[in-house]
Amino acid sequence: MAYIFQQILNALQLGSIYALIALGYTMVYGILTMINFAHGDLFMVGAFFCFLLAAYLHLSFVPTLLLSMIGVAFLGVIIERLAYKPLRRAPRVSAIITALGVGLFLENFTLALSPYPKHIPQLLENVTWTVGSISISSLQVLIIVLSLILMLILDFIVQRTKAGMAMRAISWDKTIVPLMGVPVNKIISLTFAIGTGLGGAAGVMYGLAYPVIDPYMGIMVGWKAFICAVVGGIGNIRGAMIGGFILGTVEIMVGAFFPSTYRDFVAFTLLLILLIVRPYGILGKPQPQKV
Amino acid sequence: MAKIKSIYENVMSRWQALTDFKFFWPLFMITGIAFCMAASTYEFIDLYVQLILIYVGINIILTVSLNLINGYMGEFSVGHAGFMAVGAYVASLLTVHVFPPGAQNLFFPLAILAGGLAAALIGFLVAIPSFKTRGDYLAIVTLAFCMIVKSVLENIDAIGGPRGLLGMEKLTTLPWVFFWTALSVWVIRNLVYSNFGRGVLSIREDEIASDLMSVNTRQVKIIAFVVSSFFAGIAGGLFAHALQFINPRMFDIIKSTDILIMVYLGGIASIAGSIIGAVIYTILLEILRPLGVWRMVFMPLMLVLLMIYRPRGIMGLKEARMFTPLRDLVTEKLWRQKKKEAGDASP
Amino acid sequence: MPLLKIEKVTHRFAGLCAVSDFNLAVEPHELIGVIGPNGAGKTTVFNLITGVYRASEGSIKLEGQELVGKTPHQITKLGIARTFQNIRLFKELSVLDNVRTAHYGRIHYTPAEALLQIGRFRAEEKRITHQALDLLAIFKLDEMAGEKAKNLPYGLQRRLEIARALATEPKLLLLDEPAAGMNPNEIIQLMDFIRWIRKTFSVTIILIEHQMRLVMGICERLVVLDFGATIATGLPVEIQNNPKVLEAYLGEEVAV
């Protein structure tokens, strides 16, 4: 019983990190119908920012988190301006390949600067509370709670603010909205800033939970988060959150009851079955075909 | 400049006429293989260059075959490395464990063919979800498939699990690579310029309209996936016997990304583009080797710049004349002659 | 026996009735018009006949053969072809290839023959190319056979779409708003053109149209749809004076 509870906590921890990254994919997709394959690598950059700030500047947790988020968001906006903006009218797939290129660039640039894996210093004292036979680590609680808070803030921004309304409007119709006086470029930049900022936050938290980081860590995590976004229904923000928690749970539970090498196999097979049953994800709606 | 262009046109049209000659391709194969054999026996081509040419050939097979799905059919498959893995493992297991050690050279083509067929079978299975799922969702299906293949290979201890498989002899030689590369280019070209190929293209242009114009879209998708994965499997088998060592990690998403880059660098829906893309990418990576880690920093930057200034790649949607069959032009010419004669006769 | 017999066909989208209890019997060689205000379900009827949508209820028979449940390419092969309201050519393919693609249902070589260029492949390709060029010549498009479809002017694109549909050798041709975007002069030409197609290819035609002049001018029989329901059928003259039609279709003008 205690074991299961422990695994649920682990699942929530991993799930919230996946969900944060998946949000970045889904937000960019919603607004540009483009898959930003560099997103997983921006997550990696977040973890490396965290390492730099904590190891060299000896900052404490809160400034590290905030500065990493801002740094990654800034990088995200620059990438959008330099690499993606010129391709807005180009075929969709050119933008995807560009994103793959940007991702490769980030990976290898980081690798060139830091050839060996890095170890993030402990930023927070990890307290373990014991309730009955269950032990809860403060780090896990922090990651879960913080992710939930970030998601709530995002949900508020998208649903309640004027900028959020503009985002939803652009994802609804890309040709009319600019005519209504919505500053499309600014809104797209804002979307990238928020989406990649969340990815950066996920990088920091991942670094706290699994402190050894390397330049290629973003690839698998990134692809898996992308899968979460698709499982939830790509373009759908709440779907991305749900997808993240589903994949986190599946991975942890498979790891808990089977040899851990089966994890990917089971997770991806479940994904295939889910996509065959619900081809447009859990919260996604099939695009009606106009004939 | 104009003169160069006219010479080019002239050469190309002659080449085209040549390729339509019935015995051209068999002759091309025989001379090519003979040349490659001579090259590898008498070593008038440097061994290092030979090795690079082998990788160029394998990459051409991978790129041309992926272009069938991603370029001609307009889907976005990211699982090509998975088919390659199937081919590599099946072929290697056959040469290492099944075929007698003395006669490896004789059985090598059979092993490669078996690898291709196994990959084609898997390709058939992947085609089934593509009936209903399209675009990003199909991309995820192929991605999941690639991950599942890798995960399955890692979990079977009998074939080495995550440690991989060794013991293959170095059977991939320049003549064989030449043979399979030329065969894949020829077959895919034939497919593209048949009515099945027009079906593939019409699915990219407008799937509903294509279905309503009597194109059996399911059949077309199966053909495209089976042919594409067959050649990916062939490339996998050649790759395994060139490197003499494989493990599941070689065939993960990073490998798929490599192939994707070659396809879009060269340009979609173009055989010439695919060949150019594969050649440039493979050779550039070799030339930039002295740069060390920074090589892989410059390559993606160049890719991004190319995409910004030429979003469709080097040859996007264009085909070099040497790959378009002359028969259409000849038929059209004959038809016009006939029409003119009929027109002259009737009034 | 009627060529096409539609009985009690109903189609719902998420509870909304797009077409309800639609009945129609089409005799060979007829020219029938389907009219009605925007959103009346006209295109949905075409989509049901051609198998793009599967009818929720009812039966559609072509020469006695049930079509409900068949895929679009099966139905096309049985002899129904159509054009689209907003032109849906294969834009990046040449004019010739647009037409040749439509031969897919009637090719006599197998994939293996095509891949290896053996057997019937070359002869068949020659036949298909000849037939496609013949058809293009009839439509005066043969001079542009090598041009990409997207580069044709609008009027020729419409013409090519009809040629492509006819390349499937249909018995029944469905035209979805063939006069869209045409001026009155062009509409008069189009009327002759449609009559000529019916005669030359001996097809039966059903067309959807907004342009009253065209419909009244060439159709022998009309079906009027409103909110998915059939509100009138009959000769053009009868329809013109039917109060129900005037109310639904020309409501505003009656009010004035």
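Trainee: What makes the largest nonpolar core a core, and which residues have the most contacts inside it?

Mentor: This is a predicted model, in which local features need pLDDT of at least 70 and side-chain atom pairs count only at pLDDT 80 or more, whereas totals for chains, interfaces and linings use all residues. Residues are numbered from 1 along each chain as its sequence is written, with chains lettered from A and ligands numbered from 1 in the order in which they are written. A nonpolar core is a set of buried Ala, Val, Leu, Ile, Met, Phe, Trp, Tyr and Cys residues joined through C-beta atoms within 7 Å, where buried requires 20 or more other C-beta atoms within 10 Å of the residue's own, exposed means 12 or fewer, partly exposed lies in between, and C-beta atoms are placed from the backbone. The largest such set has 284 residues, and those with the most contacts inside it are A19(A), A22(A), C228(A), M84(B), A235(B) and L136(C). Helix α1 (residues 2–32) of chain A gives the most to this core, with 16 residues.

Trainee: Which residues does C228(A) touch?

Mentor: Contact requires C-beta atoms, placed from the backbone, within 7 Å. Leaving out residues up to four places away in sequence, C228(A) touches Y18(A), A19(A), A22(A), A240(A), G243(A), G244(A) and L247(A).

Trainee: How many residues of chain B and of chain A take part in their contact, and which element gives the largest share of chain B's side?

Mentor: Chain B contributes 35 residues and chain A 38 residues. On the side of chain B that touches chain A, α6 (135–155), α11 (253–266) and α13 (295–309) of chain B each give two or more residues, and the largest share, 12 residues, comes from α6(B). Those residues divide into 27 nonpolar, four polar and four charged, where Ala, Val, Leu, Ile, Met, Phe, Trp, Tyr, Cys and Pro count as nonpolar, Asp, Glu, Lys and Arg as charged, and the others, Gly among them, as polar.

Trainee: How does the side of chain B that touches chain C divide by residue class?

Mentor: There, 30 residues of chain B are in contact with 39 residues of chain C. α8(B) gives the most to this side of chain B, with seven residues, and the division is 12 nonpolar, 10 polar and eight charged.

Trainee: What makes β6 and β10 of chain C edge strands?

Mentor: Strands pair if DSSP finds at least two bridges between them, and strands themselves are DSSP runs of E with at least two residues, just as helices are runs of H or I with at least four, numbered from the N terminus. The open sheet has six strands in the order β6-β7-β8-β3-β9-β10 (chain C), with mixed pairing, and β6 (80–82) and β10 (229–234) of chain C each pair on one side only.

Trainee: What joins β1 and β2 of chain C?

Mentor: Seven bridges join strand β1 (residues 4–13) to strand β2 (residues 16–26) of chain C, in antiparallel fashion, with L4(C) opposite V26(C) in β2(C). The hairpin has two residues between the strands, and A14(C) takes a positive phi near 45°.

Methods. Contact = placed C-beta atoms within 7 Å.
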